[in-house]
Number of protein chains: 2
Amino acid sequence: MSKPSKLSERRVQAVKTADAGAATSRRADRSAERRAAIVQAAMDEFIARGFAATRLDDIAKRAGVAKGTIYLHFKDKESMFEELIRTAIVPFVGRLAAPPPAGGSVRDMVEALARMFLQEVAGTRRGDLVRLIISEGPRFPAIADFYYREVVSRGLAAMRALIQIGIVSGEIREPKLVQHPQLMIAPMMVAVLWKSLFERHAPLDAEAMLQTHLDLIFGARRPT
Amino acid sequence: MSKPSKLSERRVQAVKTADAGAATSRRADRSAERRAAIVQAAMDEFIARGFAATRLDDIAKRAGVAKGTIYLHFKDKESMFEELIRTAIVPFVGRLAAPPPAGGSVRDMVEALARMFLQEVAGTRRGDLVRLIISEGPRFPAIADFYYREVVSRGLAAMRALIQIGIVSGEIREPKLVQHPQLMIAPMMVAVLWKSLFERHAPLDAEAMLQTHLDLIFGARRPT
DNA sequence: TTACATTGACTGACCAGTCAGTCATAATTG
DNA sequence: CAATTATGACTGACTGGTCAGTCAATGTAA
């Protein structure tokens, strides 16, 4: 690149005058906005049509941008798709690791996690994202790998830890459960797919199903 | 490919001899064979690549047939896909309805069903078919409808009936389960998807998981 | 020979990716 | 500060390749 000697001063000035502290020029702002629009539009299109059937022209139109602009931000359709999904997953990983909502009982903790999941994933765009990953996973091993590493294995590990605690404390009677944390997650998975595929055939009360599931694992709640 | 002049005589003879009486001409036979080859090839390609990314040229090549031949059997790519999936599902529906393997306990019946499912679906081409339906369902509502009507609703109804019996007989303690037969199926679903997506990251012992699942619902087995 | 099945070259629509040109903005100069 | 020049983000018409679907020619059974 070239000498950024005076440039930096200018920038600093602009910052001092115009904006609330971030060191961004107008151009960079606009560029970032556009990138965000493209990401949003691409997400919608890929979810609606899948990778192969999605046209970059449609993404561009939806983002209010010329097709060429897409190629200023992404190498090609394929890497755009992969980067997109990675980007969408990352913030969710934070959620998984961050809040160990230390309620009293293991059941309460599991319930809180599961509710959060149902709330924020099932029946939302994120749910469709899960379906998209299931769809395209085999053809994009990089994505399947990433998803396994960042979400599945972590999620299962967290669940396994909770189960372990539950077994030690006596809340969970079935010790083999620790070997199959997938069993804890399975109904949530089914809920996500159901909402995405069959909701209009037969609406699913995921909350009620969750309660029944928890009753199976922790024993039915004593009616207070 | 050279002149098969005598070959035809041969064939006719073969038919007269070997054929078990069905009134099929040589032509009809060949046509049926070809159709079967196309169906097989198309299934493989669609499973491997999804609808949009599958090329009819590839299907034709794999089936050992010219592309035009496909259009003698199917109207176009789309209806071919739909018909294909319908055809693949139908025989499986028979299985669902047919064998009420009247073992003694409900647990044994559920276990038999689940094992059959794991054996014949998880980790096989049929499992990939399930994944394919999940993938393309939203873009082929006709297929999602068909699948819901013929497989999902029937499967759940059958499971619900079993659960009802289990509750009445006291084998199942949780009465709410009858409202959520999906809970019975969920681990099987997860097993199918797991095999298809994550088997190479972490192999899943679906049989063991099933046992744990059944123990959760029916209570742990008394060690004999 | 007739009637039907099969073929594969061909067509036209479609679409990912390119690039020469435009123009708002940033930097420099007076 | 205004005038001038440089930059690079952005555009969209264009290209080359791909692929669903067609059909005239050819092969095969009846």
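Helices (H or I, at least four residues) and strands (E, at least two) are here DSSP runs, numbered from the N terminus. The structure is a predicted model, in which local features need pLDDT of at least 70 and side-chain atom pairs count only at pLDDT 80 or more, while totals for chains, interfaces and linings use all residues. Residues are numbered from 1 along each chain as its sequence is written, and chains are lettered from A and ligands numbered from 1 in the order in which they are written.

On confidence, pLDDT is the predictor's confidence in each residue, from 0 to 100. Chain A has an average pLDDT of 88, with 86% of the residues scoring at least 70. Over residues 1–21 of chain A, however, the pLDDT is below 50, and this stretch has five contacts in the model beyond near neighbours in sequence (two residues are in contact if their C-beta atoms, placed from the backbone, lie within 7 Å). Where pLDDT is low, the predicted coordinates should not be read in detail.

The contact between the chains takes 35 residues from chain A and 35 residues from chain B. On the side of chain A that touches chain B, two or more residues come from each of helix 2, helix 7 (125–136), helix 8 (141–169), helix 9 (182–197) and helix 10 (206–218) of chain A, and helix 9 of chain A gives the most, with nine residues. This side divides into 20 nonpolar, nine polar and six charged residues, where Ala, Val, Leu, Ile, Met, Phe, Trp, Tyr, Cys and Pro count as nonpolar, Asp, Glu, Lys and Arg as charged, and the others, Gly among them, as polar. Because 100% of the interface residues of chain A are also interface residues in chain B, the copies meet through the same surface.

Within chain A, helix 8 and helix 9 pack at an angle of about 125°, with their axes 9 Å apart; axes are lines fitted to C-alpha atoms, for helices over the stretch in contact, and angles run from 0 to 180 degrees between N-to-C directions. That makes helix 8 of chain A oblique to helix 9 of chain A (angles under 35 degrees count as roughly parallel, over 145 as roughly antiparallel, 65 to 115 as roughly perpendicular and the rest as oblique). Here Gly155(A), Leu156(A), Met159(A) and Ile163(A) of helix 8 meet Gln182(A), Met184(A) and Ile185(A) of helix 9, a contact with five nonpolar, two polar and no charged residues.

At least two residues of the surface near DNA strand D are supplied by each of helix 2 (26–53) and helix 4 (67–73) of chain A, and helix 2 (26–49), helix 3 (56–63) and helix 4 (67–73) of chain B.
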